[in-house]
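User: Hey, can you walk me through this one? I'm new to reading structures.

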Amino acid sequence: MGANLKIAFLVIAALVALCAIGLATAADDAGKKSSLAAFHEMVKVLNHPRCMNCHTTADWPTQGDDRHRHAFNVVRGPEDKGPPGMRCTTCHQDKNQDAANIPGARDWHMATRAQGWTGLAPGALCAALLDPKKNGGLTGDGVIAHIKNDRLVLWAWSPGKRATPPLSHKQFVTASQAWLKNGAHCPTP
Ligand code: HEC
Ligand code: HEC
């Protein structure tokens with residue numbers, strides 16, 4: 001091979017490599033954009049009162065669309081299930097009690113304080129969702145499985161005479177899967 005040909009070959013190889021890096025970066029950027037857009041959809045559900053009323057950092061669950069303190073001085077208790085003598089399940093059965101409008105699903109109780117999302121900006125909420133020390137040891141796939149199948153999550157879409165979240169459960173699951181698949185990016189802050 002002549003020297004000129006060698007140089008031409010090297011230049012072409014370098015250009016091809018640069019192109020590949022450029023394409024990979026463009027794909028990363030597109031992935032990040034899709035992931036963040038999907039999380040933006042997820043937040044509409046996560047921040048909805050049907051979820052937030054159990055995911056508080058307070059000592060008590062909240063109620064209603066205005067998320068006011070739960071009536072009857074109900075408190076979290078040592079295991080987030082109400083103190084002995086005032087367990088959540090004393091009033092909350094395995095199903096909604098429609099006559100009295102008491103919501104219900106099996107083993108009704110509130111999320112731990114670490115799983116409380118009160119006042120979290122989307123970025124902090126996203127980080128909390130992904131933090132196994134806060135979320136109960138879940139990986140990304142575990143978070144999606146919970147969102148897809150958990151009875152308390154599903155209750156939010158059959159909450160008796162209460163408003164449901166703005167996305168369907170299916171749309172919420174699809175957004176969550178897209179968020180994770182594209183890298184589980186979190187907005188800043
Ligand atoms: C009746 C109370 C209740 C409601 C309503 C509820 N959750 Fe939860 N949530 C819990 C509890 C309790 C846990 C902890 C796991 C367990 O014990 O089942 C939990 C755990 C989670 C987790 C995993 C832990 C974490 O912090 O990431 C996610 C995600 C979650 N909930 C999402 C939701 C979403 C989304 C909604 C609304 C569509 C919702 N929850 C509604 C009580 C509730
Ligand atoms: C003394 C009975 C009683 C106890 C104990 C009780 N609740 Fe309730 N709870 C109710 C009633 C009644 C409602 C419905 C109030 C309404 O909507 O008018 C309710 C509503 C709620 C809601 C509101 C759902 C929504 O999105 O508006 C949540 C969340 C909730 N309870 C969680 C809990 C948790 C968690 C515990 C245990 C720590 C608990 N409750 C203990 C009677 C009780």
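Analyst: Leaving out residues up to four places away in sequence, Met 42 touches Phe 172, Ala 175, Ser 176 and Trp 179; touching means C-beta atoms, placed from the backbone, within 7 Å. This is a predicted model, where local features need pLDDT of at least 70, side-chain atom pairs count only at pLDDT 80 or more, and totals for chains, interfaces and linings use all residues. Residues are numbered from 1 along each chain as its sequence is written, while chains are lettered from A and ligands numbered from 1 in the order in which they are written.

User: Which residues have the most contacts inside the largest nonpolar core?

Analyst: Ala 38, Phe 39, Met 42, Phe 172, Ala 175 and Trp 179, in a core of 13 residues. Such a core is a set of buried Ala, Val, Leu, Ile, Met, Phe, Trp, Tyr and Cys residues joined through C-beta atoms within 7 Å. α1 gives the most, five residues. Helices here are DSSP runs of H or I, at least four residues, and strands are runs of E, at least two, numbered from the N terminus.

User: New topic: is His 55 buried or exposed?

Analyst: Buried, because 22 other C-beta atoms lie within 10 Å; the cut-off for buried is 20 or more, for exposed 12 or fewer, with partly exposed in between.

User: Where is His 55 found?

Analyst: In the loop between α2 and β1 (62-63). His 55 and Ala 111 are 56 residues apart in sequence, yet 5.3 Å apart in space, C-alpha to C-alpha.

Note on methods: Contact = placed C-beta atoms within 7 Å.
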